[in-house]
Amino acid sequence: MFIDIALLVLGLGLILGGANFMTDGSVAIAKRFGMSDFLIGLTIVAMMTSAPELVVSITSAINASPAMAIGNIVGSNIFNILVIIGLTALIKPIAVTEGVLVNEIPLVILSSVVVLIMGSSPWLDNGPMLITRVDGLLLLIFFIIFMRYTFASAKKSPEAAAQQGNDDSDGKAKAPAPLWKAILLTLGGLACLILGGQWFVDGASGVARGLGWSEGLIGLTILAAGTSLPELATSIVAATKGYSGMCLGNVIGSNIFNIFLVLGCTATITPLTFGGIGIVDLAVLTGASLLFWEAGWFYKKRTIARSEGALMLVCYVGYITWLYVNLPS
């Protein structure tokens, strides 16, 4: 137990340090190539911070723990929206452009609905709750379409892309760091995030197994929170530095990557049974995605306010409480 706790603490330290380095490096790269904070968060940062989910999910599936793999992805996406967006909005309200509300966030909702439908087989056609290799390939096709759309949109409207999400910097203009330094910071930060995330997950999983938790529950909670710590740390650091556009893009991109890319790759390697992941968990993910979209539209200023961030955190606490109350005896 002592070793597990030590891994938790060391992993958290690496995650926080890596998030700081990667945020600085990513912003420098974004400025040098004319990319917006939102776009760099939606693509590069989202893909890098989704690396722990990819590694953990594939490893879990190969080790015959498919419920842990699915639970990790579903739980991570719930955590990303309700905790990361919630905490970031509490630190600083997040401005959301109309384009993001019309184009990107609906893709988050779509990805959640797709998984909900895949998990509804027992009710739709009396089939097993299973994500087949065909389903995995379809998810990967969705991912390719998303990436094609993202870069096509950036090329079509460079001025809008350059402005989108940069309003958070309050007009502060800084000379970009040398490219080699920015790349080194980004890669070094990513390495710290992955290693720290792995240590955190190992320690947390050891503690959870000691408590007798199921694989699905570990995936929904401990693994989900642990593999989402890179997104959490990166988003909070970005928000405190005035780059909340990067935080927004990071969460949107990570959620889309987790389902279309991570779940797609994992299911393509081996079919995944849902195990202890139930329809309630999938419905919570879909509800969180809808709440994310609604929060941006609620006010005319298209801002996720502190009150809405607090509501998201309360919803997450309620969900975790429900999981705890329904623990198998």
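Reader: Is cysteine 315 buried, partly exposed or exposed?
Author: The model is predicted: local features need pLDDT of at least 70 and side-chain atom pairs count only at pLDDT 80 or more, while totals for chains, interfaces and linings use all residues. Residues are numbered from 1 along each chain as its sequence is written, and side-chain values use heavy atoms, with hydrogens and water left out. Buried means under 20% relative accessible area, exposed over 50%, and partly exposed in between, with a 1.4 Å probe and protein chains only. The relative accessible area of cysteine 315 is 35%, so this residue is partly exposed.

Reader: How does cysteine 265 count, and how many disulfides does the structure have?
Author: Cysteine 265 has 24% relative accessibility and therefore counts as partly exposed. A disulfide is a pair of cysteine sulfur atoms within 2.5 Å. Searching the whole structure for such pairs gives a count of zero.

Reader: How many helices and strands are there?
Author: Both are DSSP runs numbered from the N terminus: helices are H or I with at least four residues, strands are E with at least two. On that basis the protein has 13 helices and four strands.

Reader: Where does α11 bend?
Author: Of the 26 residues of α11, 23 are buried, so the rest of the structure largely encloses this helix. In α11 the bend is about 35°, at asparagine 258.

Reader: Which residues does isoleucine 252 contact beyond four places in sequence?
Author: Contact means heavy atoms within 4.5 Å. Leaving aside neighbours within four places, the partners of isoleucine 252 are Phe38, Leu42, Val100, Glu104, Ile105, Val108 and Phe292.

Reader: Which residue marks the kink in helix α5?
Author: Helix α5 (residues 98-118) should span 30 Å because its 21 residues count 1.5 Å each, and its end C-alpha atoms are 30 Å apart. Its buried residues include Val100, Glu104 and Val108. The kink, of about 30°, lies shortly before proline 106, at isoleucine 105.

Reader: What is the C-alpha to C-alpha distance from glutamate 98 to lysine 301?
Author: Glutamate 98 belongs to α5 and, at 42% relative accessible area, is partly exposed. Beyond four places in sequence, glutamate 98 touches Trp297 and Arg302. Glutamate 98 and lysine 301 are 203 residues apart in sequence, but their C-alpha distance is 9.8 Å.

Reader: What separates the C-alpha atoms of leucine 185 and aspartate 24?
Author: Leucine 185 sits in helix α9 (residues 179-210) and is partly exposed at 25%. Its contacts beyond four places in sequence are Phe21, Met22, Asp24 and Gly25. Along the chain, leucine 185 and aspartate 24 are 161 residues apart; their C-alpha separation is 7.2 Å.

Methods: The expected span of a helix is 1.5 Å times one less than its number of residues. The bend at a residue is the angle between axes fitted to the seven residues ending there and the seven starting there.
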